[in-house]
Amino acid sequence: MTMKVPTPQQHTGGWLRRSAFVLVCLALSRVYVGSDAFPVQVVPQQPTNHGRLPSGKRGQSMVVGKVGVAALSSSAQNDFESKSSSAVLEDYGNIRDSWSLVVLGDLHLEDDMTAHLQARQDLLDAMQALSIWLSPPETKDRNHQQQSVAVDQMKTVKDVIEGIQQARAGDLSVDQLEILLAYKKATTPPGGGGGLLQTFLVSLGDLGRKDIRHEPGDAGTTKSFLDAKEFLDGFGMPYDVVSGNHDLEGLDEFDTDAANLQAWMDCFQKPTPQFCRYVGEKTVLLGLSTVRFRDSPHSSHEVHIDDAQLDWFVQTVQAHPASEGWKILVFSHAPITGSKLRVLQNVHVTNGCAWLNHCSDESRRNLFIRTVQENPQIKLWCSGHFHLSQDFNDSLSTVGSCTFMQVGVIGPASTRDGKRQTRLVRGCRNRLQIYTVSHHEVPRGAHDGDEEKTSLFATTKYSDKSSSKSSSSLPSWIRLDADIDLETGEVVTPIVEEKEDEENVNGAKKDWFQAYTPREEDGCYIETANNDGSLFTTLLQGDDTDSIVCWWHMKDGRVLGLHQGQLVEYDAETLSPLGIVLNHNDLKSRRSSVSSSSSSTANSKQGQKQVVVVENGTVLALIDESALDDSQRIQVVHPNDDGSYWRKYQRNKRIRQEEKAREALAKTWLLQQKEQQTKQM
């Protein structure tokens, strides 16, 4: 299927049309200035100095024409003229490339929607508290290089709107008129009323009920899509969605992935699984969706982006180059290899469904990170999938010019660490900020009155690289996670005071696999061969197994390592964990359960195994010193047919269900046969 690649030409000119629309609206309707409404005619200021506009106006200042003033009533004219001496407002910038964004992680709607509805209100309140930035005027130094604007020098619409409303119309520039028009549109019913300017929402998928009951409302069913649409519509803002692995799990309703995917697309009126949305003059959102569940060769829960979307993604990125000032934000249900997100759910690593195209060949799996590395206009990549909170240091990472952002969940039934959180992002031409909204920390009743809301406010602390002046008072359940200067590339992470339960959350290693991503500078790489031709020999004994961290290259380039008592394979290019080669049980000695009455020799060797790489990385083996004979003493770990070592533990869910169905039929038949035999006796 050929997918149309959006081009900048289809979007540019929108703000020119909007500027013209501002002039038409102001010329034909009433402009609100202060508390009065003046029917005025707005015309461009006449050029002077041989066709050039006066210095500092940059062709944007507008004045009220004589015809408009003459048409005023005498009282209105006197009031208007009394304001004519007021100073022109300082130009802090425009909102042409300013926006706010709500990013919802795995939605997983529940029977009791109380928590979800409260979370929705939390997010609407948070967006009101933040407001959107103004993109500051572009200034250059002596070398004609773009000058960075400090965050404490930037303004939001909330900072300037009162002054704009009180100013004389003739003192407003086109930028300020556009701000005024956008504000009035957002705050005036019936189209507005919410007061949220240029705010957009993206859902990262997994919409339906998490527990499968084989009834409507389960993940992947039409009812789950309709319920999710109703919930998302309730935000009252434009939105788009990408599909998650559970969104194609409607096995009882749909026979094929294509039919399941089409039902999802039809519900949200999507012509294609992916999306491209412009939220600013030079800011574009790209979404990628998984397209298979029943047809997955291994785990059905792998988030798989097909070749058509891959081609579309690369071409769309290239059509919006960094040289033209574009900023691209990408959304997918699962993260990508090479993202350096290190907190992963154990089941996702074990079953080969942690990353986009996890089970694909290396070229398809790593196409995403290569595209990021080659295109600095990709500034943010948002993903969910792990159901873990945003309180881990590694839930945000930076690779090149791109920040990778892991998003939590809002439902109590789908969180794996007790935290319910959402990400907010706000940006403009030169800056981007990421926030966490902690729904589990919002005192219920906080939406009932301003007085109670005020009591929740607390000031965020910043590191030395960021001015504390930039931290406006926000509710304590809204936390600034990152402040990104898009002109310098600097990422500043505010200092967040540790919570009392932080140690407990980070210490719950049994519940999930905190992925160790090897780095060359970590001191754990093994490269020196032993005299006997082996690469190395590592002794695994008792509890010490969990503390061993090391990694190495096999002769064929595959990367293996020991971490948390497991033998893990890593992607050779990105060093992202791919899967488990040998788990805890595999690394236990065959005689690890030997009784205390056994011989002292056996006891001394109880639970001991050695991981050995021999013949310069050609052979991987385990040596069990406690084995009773040589035939059991060594175990060679063979690679898979494709050359990889990690085990594909989980098979396709549809196949497993079909097998269970056949087994159930066979058991039913057998019982019927026994009943007939009993009756005949």
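How many bridges join S8 to strand S9, and in which sense do the two strands run? The answer is 5 bridges, with the strands running antiparallel. Please keep in mind as you read that this is a predicted model.

**The open sheet and its helices**

These two strands belong to an open sheet of 6 strands, ordered S8-S9-S10-S11-S13-S12, in which the pairing is mixed. Strand S8 (275-280) and strand S12 (396-399) stand at the edges with a single partner strand each, so one side of each has no neighbour in the sheet. On average, and ignoring direction, neighbouring strands of this sheet are turned by 20° against each other.

Helix H9 (residues 307-318) touches S8, S9, strand S10 (327-331) and strand S11 (378-383), and its direction makes about 175° with that of S9. Helix H12 (residues 367-374) touches S11, S12 and strand S13 (402-406), and its direction makes about 150° with that of S11.

**Nonpolar cores**

The largest nonpolar core has 40 residues, and Leu104, Leu232, Phe235, Phe268 and Leu424 have the most contacts inside it. Several elements supply at least two residues each, among them strand S5 (99-104), helix H7 (222-233), helix H8 (257-267) and strand S18 (478-485). Helix H4 gives the most to this core, with 6 residues. For a view from one residue, take leucine 104: leaving aside residues up to four places away in sequence, its contacts include Leu123, Leu201, Val202, Phe231, Leu232, Phe235 and Val407.

A second, separate core has 26 residues, including Val284, Val314, Ile369 and Val372.

**Aromatic rings and charges**

The structure holds 9 aromatic pairs. Two of them are set side by side here.

| Ring pair | Centre to centre | Angle between planes | Arrangement |
|---|---|---|---|
| Phe231 and Phe235 | 5.6 Å | 90° | edge-to-face |
| Tyr525 and Trp551 | 4.6 Å | 55° | tilted |

Now move along to strand S23 (residues 566-570). Are its residues buried or exposed? The strand is mostly covered, with 5 of its 5 residues buried. Side chains in a regular strand alternate between the two faces of the sheet. In S23, Gln566, Val568 and Tyr570 point one way and Leu567 and Glu569 the other way.

S23 pairs with strand S22 (residues 559-563) in the antiparallel sense over 5 bridges. Those two strands form a hairpin with 2 residues between them, and glutamine 564 in the turn has a positive phi of about 50°. S23 also pairs with strand S24 (residues 577-582), again in the antiparallel sense, over 4 bridges. This hairpin has 6 residues between its strands, and leucine 575 in the turn has a positive phi of about 65°. Tyrosine 570 takes part in both pairings: it is the bridge partner of valine 559 and stands opposite proline 577 in S24.

**A glycine in a loop**

Finally, look at glycine 194, found in the loop between helix H6 (174-187) and strand S6 (199-203). This glycine is partly exposed, with a relative accessible area of 42%. Glycine 194 touches Gln128 and Ala186, not counting residues up to four places away in sequence. The C-alpha atoms of glycine 194 and methionine 237 are separated by 9.1 Å, although the two residues are 43 residues apart along the chain.

Methods
Residues are numbered from 1 along each chain as its sequence is written. This is a predicted model: local features need pLDDT of at least 70, side-chain atom pairs count only at pLDDT 80 or more; totals for chains, interfaces and linings use all residues. Side-chain values use heavy atoms; hydrogens and water are left out. Buried means under 20% relative accessible area, exposed over 50%, partly exposed in between (1.4 Å probe, protein chains only). Two strands pair if DSSP finds at least two bridges between them. Axes are lines fitted to C-alpha atoms, for helices over the stretch in contact, and angles run from 0 to 180 degrees between N-to-C directions. Contact means heavy atoms within 4.5 Å. A nonpolar core is a set of buried Ala, Val, Leu, Ile, Met, Phe, Trp, Tyr and Cys residues joined through side-chain atoms within 4.5 Å. Rings of Phe, Tyr and Trp (its six-membered ring) pair if their centres lie within 6.5 Å; planes under 30 degrees apart count as stacked, over 60 as edge-to-face and the rest as tilted.
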